[in-house]
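Please read the numbered points with the structure in view.

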Amino acid sequence: MPVQPTPRPWQVLAADLALLVVAAVWGAGYPVSALAIRSITPLWLLGIRFAIAGTAMVLLFRRHLRGFDWRGALPVYALSLVMALSYLLHIYALTLSTAAKQSFIAGTSVAMVPFVSAAFHRCWPSRVALAGSLVTSLGLSVLAFTPGMAFNGGDALSLLMAVTIALHVVLCAACIRKHDALAVATIQILCGGMVFLLGAVLLEPLPDFRFTPGLWRSILFLALLATVFPFGVQCVALRYTHEVHAGILLALESPFGYGVAILMGQERLRGQGLVAGAILLAGVLLAESELWRGPSRERTEPEEAEEAAEEVG
């Protein structure tokens with residue numbers, strides 16, 4: 001695939017705004033998932049969710065799958081496994097912890113993305129992006145802190161999930177540089193669905209599919225609004241914005257998840273949320289200020305070599 005031209009500031013801003021919407025939807029997914037697993041086992045919930053989402057994405061994006069290099073897509077399959085592991089950790093952690101607490105811990109991925117990105121690209125992100133990541137992490141810490149809070153097994157799984165989220169953001173950005181973005185999104189969902197359904201059949205009892213209307217609403221929300229929409233948008237947006245920016249914006253799913261949990265009666269509003277919100281906003285604005293300062297990072301050696309080869313060709 002040809003090297004993409006350097007995106008213009010308005011394209012980066014549009015991509016970042018799209019990722020902000022994704023963060024809001026994914027944040028809402030935490031309390032909705034917590035509610036759903038009261039009525040259905042974890043793997044069957046994931047399996048049905050991703051089966052519906054995968055079917056919808058094939059119907060919507062089948063044109064993008066034509067001509068896809070299936071044999072040369074090993075990194076995409078690896079990305080799919082990282083995504084599947086992330087969701088397994090997510091759903092089982094919810095059985096041991098709360099939705100709001102998990103969303104806070106998952107938000108720590110914002111501090112991990114710069115280091116994963118540096119290791120992957122052999123190049124540090126800019127100081128502005130790093131500072132934005134650190135300020136956002138501080139805001140999440142203020143939002144999450146509760147005197148006497150205990151760290152349990154579900155929280156440990158959520159922390160591992162944060163690692164997989166950071167890895168997923170960086171790997172996804174790498175994959176969509178070489179493959180069609182919507183094809184990458186669709187393949188992730190299809191592979192994840194196969195993993196979850198196979199695990200459900202082997203490890204969990206067959207559910208009674210006479211689900212209540214409330215459970216069906218939760219499943220359809222998770223499948224369509226919290227899977228099809230955000231995965232498609234994320235993969236396209238990562239073509240225009242750096243993964244560290246993406247990590248900062250996607251970490252905002254934590255306050256969004258906290259807010260939805262309050263609306264659903266799963267959590268109570270705490271005064272420190274306003275302070276944390278101001279710090280989070282400062283971190284995002286700091287990262288976004290880089291749009292008017294120049295590129296978010298220097299090109300890595302592999303990218304320079306790829307661009308030089310393209311110019312020679």
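1. A residue counts as buried under 20% relative accessible area, as exposed over 50%, and as partly exposed in between. Trp70 has a relative accessible area of 42%, so this residue is partly exposed. Please bear in mind that the model is predicted.

2. Phe68, the ring partner of Trp70, is buried, with a relative accessibility of 9%. The two ring centres lie 5.1 Å apart and the planes meet at 75 degrees; because planes over 60 degrees apart count as edge-to-face, the pair of Phe68 and Trp70 is edge-to-face.

3. How many aromatic pairs does the structure hold? There are eight. Among them is the pair of Trp26 and Phe231, which is edge-to-face, with 5.5 Å from centre to centre and 80 degrees between the planes.

4. Where do these two residues lie? Trp26 belongs to helix H1 (residues 9-36) and Phe231 to helix H9 (residues 213-237), so their pair ties together parts that are 205 residues apart in sequence. Trp26 is buried at 13% relative accessibility, and Phe231 is buried at 1%.

5. Trp26 and Phe231 also belong to a cluster linked by ring pairs, together with Phe50, Tyr87 and Phe196.

6. A separate point concerns helix H10, which spans residues 243-250 and is mostly covered: eight of its eight residues are buried. These buried residues are Glu243, Val244, His245, Ala246, Gly247, Ile248, Leu249 and Leu250.

Key. Residues numbered from 1 in each chain as written. Predicted model: local features only at pLDDT ≥ 70, side-chain atom pairs only at ≥ 80, totals over all residues. Heavy atoms only, no water. Phe/Tyr/Trp six-rings, centres within 6.5 Å; stacked < 30°, edge-to-face > 60°. Helix = DSSP H or I, 4+ residues; strand = E, 2+ residues; numbered from the N terminus. Buried < 20%, exposed > 50% of the residue type's maximum accessible area, 1.4 Å probe, protein only.
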